[in-house]
Amino acid sequence: MTIRNAKHATFTIERVYPAAPARVFAAWSDKEAKTAWAYCHEEWPVSEHVFDFREGGREHLVTGPAGGTRHVFDAVYHDIVPDQRIVYAYDMHLGERRISVSLTTIEFFAVAGGTRLVFTEQGVFFDGYDDIAGREEGTRIGLDNLDRQLRQQRAA
Amino acid sequence: MLNYQAPLDLAFQALADPTRRVMVERLSQGPASVSELARPLDMTLSAVVQHLAVLEASGLVRSQKVGRVRTCRIEPTALHSAERWISERRASWERRLDRLGAFLAETEPTAKPRRKK
């Protein structure tokens with residue numbers, strides 16, 4: 001069952017922060033600041049982190065559970081307009097498997113009392129599991145509706 | 001916010017065992033009866049049934065009994081999951097952007113003299 005498919009998706013998330021665009025932008029442009037909030041699992045050791053925030057610069061982050069699957073984020077910053085916009089393209093690997101290639105746009109709009117941030121990710125997400133590591137990760141992701149499924153099964 | 005921890009534990013427990021991995025590998029090639037699943041395994045049928053129960057509880061595998069034969073199959077929603085990558089990606093960004101809000105509040109220059117936690 002090595003099924004290969006490529007699924008395209010776009011999602012947008014908006015937030016309004018009571019902080020000036022320059023401060024919100026700085027939370028993305030400064031390595032120390034970004035490290036303080038952007039990495040999902042604080043308990044995961046970061047084994048490599050390159051952060052070259054300029055057009056053409058690269059961000060490379062390797063993390064993951066201790067002894068577990070490596071999560072590798074590899075980005076190139078394509079467009080940076082200070083306090084207004086950041087565009088980067090990246091791919092994501094779990095172990096040896098590339099799970100997605102994406103284009104991310106972050107826009108910062110000055111609004112009364114703060115900043116409206118619009119985060120848009122356009123990506124192609126890959127499927128197909130031919131090793132256990134990939135299957136475990138895919139399963140982890142896939143099981144967010146497990147409880148509901150189990151309840152339905154019990155009810156049936 | 002969805003809680004990923006419990007299903008994660010179930011799936012990892014289910015796949016942590018080499019016998020169950022063999023069963024999942026077999027089922028990834030197509031449905032099989034319990035006795036077909038047991039054939040390559042050096043264990044009793046009842047042990048195989050116990051492993052199957054763990055796999056079913058994790059949501060990875062489902063089985064259905066028709067007559068005297070229980071047929072097992074991979075649960076496709078658990079394994080074909082490009083859509084799941086997408087929903088997980090979105091959820092993780094929702095969490096991050098919430099943390100960005102908290103970070104901005106913590107580092108607010110007028111609210112607190114210290115810039116960094």
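## Helix pair

In this predicted model, helix 2 and helix 4 of chain B pack with their axes 10 Å apart, at an angle of about 70°. Because angles of 65 to 115 degrees count as roughly perpendicular, helix 2 of chain B is described as roughly perpendicular to helix 4 of chain B.

Helix 2 of chain B contributes Thr19(B), Arg20(B), Met23(B) and Val24(B) to this contact, and helix 4 of chain B contributes His51(B), Val54(B) and Leu55(B). Sorted by class, the residues in the contact between the two helices are four nonpolar, two polar and one charged.

## Sheet

Chain B also has an open sheet of three strands, in the order 1-3-2, with antiparallel pairing. Strand 1 (32-33) and strand 2 (61-66) of chain B are the edge strands, each pairing on one side only.

Strand 2 of chain B runs antiparallel to strand 3 (residues 69-74) of chain B, and six bridges join the two. Within this part of the sheet, Arg70(B) of strand 3 of chain B stands opposite Lys65(B).

## Helices on the sheet

Helix 2 (residues 18-27) of chain B packs on the sheet and touches strand 1, strand 2 and strand 3 of chain B. The direction of helix 2 of chain B makes about 85° with that of strand 3 of chain B.

Helix 4 (residues 45-58) of chain B packs on the sheet as well, touching strand 2 and strand 3 of chain B. The direction of helix 4 of chain B makes about 120° with that of strand 2 of chain B.

Notes
Residues are numbered from 1 along each chain as its sequence is written. Chains are lettered from A and ligands numbered from 1 in the order in which they are written. This is a predicted model: local features need pLDDT of at least 70, side-chain atom pairs count only at pLDDT 80 or more; totals for chains, interfaces and linings use all residues. Two strands pair if DSSP finds at least two bridges between them. Helices (H or I, at least four residues) and strands (E, at least two) are DSSP runs, numbered from the N terminus. Two residues are in contact if their C-beta atoms, placed from the backbone, lie within 7 Å. Axes are lines fitted to C-alpha atoms, for helices over the stretch in contact, and angles run from 0 to 180 degrees between N-to-C directions. Angles under 35 degrees count as roughly parallel, over 145 as roughly antiparallel, 65 to 115 as roughly perpendicular and the rest as oblique. Ala, Val, Leu, Ile, Met, Phe, Trp, Tyr, Cys and Pro count as nonpolar, Asp, Glu, Lys and Arg as charged, and the others, Gly among them, as polar.
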